[in-house]
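Dear colleague,

I am handing over the structure below, and my notes on it follow directly after.

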There are 2 protein chains.
Amino acid sequence: MSQGKVTSAEVAARAGVSQSAVSRVFTPGASASAKTVAKVRKAAEELGYRPNVLARAMVSGRSRIIGLVVAYLENQFYPIALELLSNALQARGYHILIFTAPNSTDGVDGVLQDLMDYQVDAIIAASVSMSSDLSARAQAQGIPVVLFNRSQNDVGVSNVTSANRLGGRKVAEFLLAGGHERIAHIAGWQGSSTGRDRQAGFMEVLEQAGQKPFAIVDGMYKRDVAKSCATRLVAGETRPDAIFVGNDHMAFAVIDAVREAGLTPGRDISIVGFDDVPLASWGAYDLTTLRQPVNRMVESTVNLILGQIESGLADPQEIEIEGQLILRGSARIPEGWTS
Amino acid sequence: MSQGKVTSAEVAARAGVSQSAVSRVFTPGASASAKTVAKVRKAAEELGYRPNVLARAMVSGRSRIIGLVVAYLENQFYPIALELLSNALQARGYHILIFTAPNSTDGVDGVLQDLMDYQVDAIIAASVSMSSDLSARAQAQGIPVVLFNRSQNDVGVSNVTSANRLGGRKVAEFLLAGGHERIAHIAGWQGSSTGRDRQAGFMEVLEQAGQKPFAIVDGMYKRDVAKSCATRLVAGETRPDAIFVGNDHMAFAVIDAVREAGLTPGRDISIVGFDDVPLASWGAYDLTTLRQPVNRMVESTVNLILGQIESGLADPQEIEIEGQLILRGSARIPEGWTS
DNA sequence: CTGAAAGCGCTTACAG
DNA sequence: CTGAAAGCGCTTACAG
């Protein structure tokens with residue numbers, strides 16, 4: 001069957017047609033007679049021919065490659081998102097070229113440059129921020145960029161997030177309704193929009209209720225930071241009766257810390273996370289959390305990206321998807337609470 | 001600065017040299033005078049020129065793209081491996097094109113075909129198996145293939161695994177030394193080499209010791225399967241005093257099940273996993289497990305792959321890396337045990 | 001519908 | 001060291 005790389009010219013020779021005819025047979029929506037199609041398909045089959053995507057990309061200007069910049073793969077939210085993105089894109093004939101990013105803007109910028117060298121049709125940047133310089137370069141080359149799970153309005157790119165501020169509000173309302181009076185917040189990294197927005201929503205509601213937070217600290221989206229914060233918080237004379245944690249990944253560490261201090265989440269202290277990664281529902285953590293609807297976030301991202309690739313225009317859009325509070329055992333549930 | 005896509009011809013024009021000269025300046029190890037280099041770099045800088053990787057790939061036959069087939073992203077072992085692979089490859093100027101695989105051989109084969117269409121320089125298949133037909137096609141095209149965390153000797157491809165059989169033996173020895181008498185095994189998927197090898201090593205040692213396993217069931221590498229198996233096992237009149245679980249991902253579900261039955265891992269029943277993913281060390285699970293040295297597995301994979309790409313020859317190699325038992329709280333530790 | 005020809009953006013012998 | 005030219009494997013007007 002196949003023997004090294006087979007080209008369209010070889011197929012043409014065997015089928016007794018021109019190379020252009022072979023190309024047309026493999027180009028969706030091209031014109032070829034049934035007879036030609038049959039001859040070409042037969043020859044191609046016999047030779048094991050498959051079109052070279054890279055060559056096609058050169059001339060058509062479409063690589064069918066989407067660049068994905070990703071970080072924080074230890075946080076289960078991202079592998080899940082990655083898998084969903086890959087599946088959805090694959091189903092539409094696109095594939096993901098992965099770039100793992102150092103967490104600084106500089107690092108990301110370098111990586112984005114590399115990405116563009118591959119002539120990607122679009123870029124999805126998950127959980128990182130970029131400079132406006134780089135976003136301008138992408139724009140200039142007509143490459144749509146979308147920020148996934150992060151927003152940044154200074155650089156003129158699209159972004160898809162959940163309703164983070166509203167999410168923060170919902171958590172605060174839930175905790176207040178539960179009668180908590182000393183609510184601490186181990187926040188998501190304040191260098192990120194998600195961290196800031198969740199905190200802002202949370203604070204708004206507390207303020208409206210005339211309640212001061214027990215403490216606010218930046219957990220940096222890091223397990224070890226969150227854990228030591230939690231340990232410190234619960235070691236004091238008076239301790240919080242609830243902790244809202246900026247994401248699930250940190251919340252797991254907080255639960256570990258709380259238990260090490262001899263307390264039981266949901267009874268002695270309420271813990272609420274943000275994301276609802278699969279692990280949140282596993283027995284050992286049973287974490288109450290505000291779900292980010294990752295399915296719908298991915299769906300929106302894919303539609304947005306493909307729409308922009310096909311239309312050729314890339315006016316930035318901001319998509320925000322509302323998430324829902326998922327009640328589990330780690331936090332006291334207010335009487336009669338429904339949601 | 002940058003204005004749409006800039007080509008080497010435009011740079012040449014501005015620098016007052018030939019297009020070939022520009023190409024040479026950007027080709028590592030080509031010959032160009034200091035003067036030419038300076039002129040070209042300056043012009044390139046001013047225009048925002050970067051070589052088109054795809055065009056380079058067309059003529060050089062090297063895309064600097066490595067295809068990665070991956071599944072099971074919910075199991076933390078794979079995102080971790082993915083991140084390490086991507087970092088290592090990126091540092092050497094390669095990038096990963098991701099393909100998520102359906103778990104059937106047919107599915108994988110289809111995906112591999114798509115992969116080859118992108119003219120990847122090599123293929124890494126993690127946790128999946130492929131048909132010998134497909135491996136032959138890759139071979140014929142001179143594309144090295146390595147199986148990561150899976151072995152398959154019928155198809156003539158390289159593979160990198162940990163010492164799974166030995167690992168199974170180590171776990172059995174540990175459990176026996178701990179005085180356990182009713183050891184069950186919720187095995188890794190028996191359709192996979194890892195599942196079979198771990199089980200085989202485990203059985204060998206039990207047999208040598210004249211002990212029959214309490215039960216052997218196939219957990220399929222699925223949480224829900226493993227969990228219901230565990231629930232059933234501990235519900236019986238006599239129950240196992242230890243369970244060796246085919247990987248950590250399932251072991252977490254087993255621990256959940258055991259706790260739901262009112263038992264305490266490490267005290268009432270010993271649970272041992274396989275992998276040592278980060279989550280295994282978190283407080284809520286504290287899982288004793290046989291570590292797969294993912295760092296070294298990745299390192300070997302990258303060296304193997306790049307060696308084969310550069311040498312042009314791809315004689316299959318089998319690399320096996322020994323793992324170590326990591327003692328934690330989920331299993332009774334034999335007195336005086338050191339390892 | 002179909003073939004000959006140009007061209008996508010590069011690299012790489014080949015002369016000089 | 002350097003430029004002109006061929007060619008990588010395709011797609012896509014352009015004639016017919």
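Leu97(A) stands opposite Leu97(B) in β2(B), and β2(A) pairs there with strand β2 (residues 95–100) of chain B in the antiparallel sense over 3 bridges, where strands pair if DSSP finds at least two bridges between them. This is a predicted model, in which local features need pLDDT of at least 70 and side-chain atom pairs count only at pLDDT 80 or more, while totals for chains, interfaces and linings use all residues. Residues are numbered from 1 along each chain as its sequence is written, and chains are lettered from A and ligands numbered from 1 in the order in which they are written.

The contact between the chains takes 45 residues from chain A and 45 residues from chain B, two residues being in contact if their C-beta atoms, placed from the backbone, lie within 7 Å. On the side of chain A that touches chain B, the elements giving two or more residues include β2 (95–100), α6 (105–117) and α11 (248–260), and α5(A) gives the most, with 7 residues. Helices (H or I, at least four residues) and strands (E, at least two) are DSSP runs, numbered from the N terminus.

To the surface near DNA strand D, α4(A) gives the most, with 5 residues, and α3 (34–47) of chain B is one of the elements that supply at least two.

With kind regards
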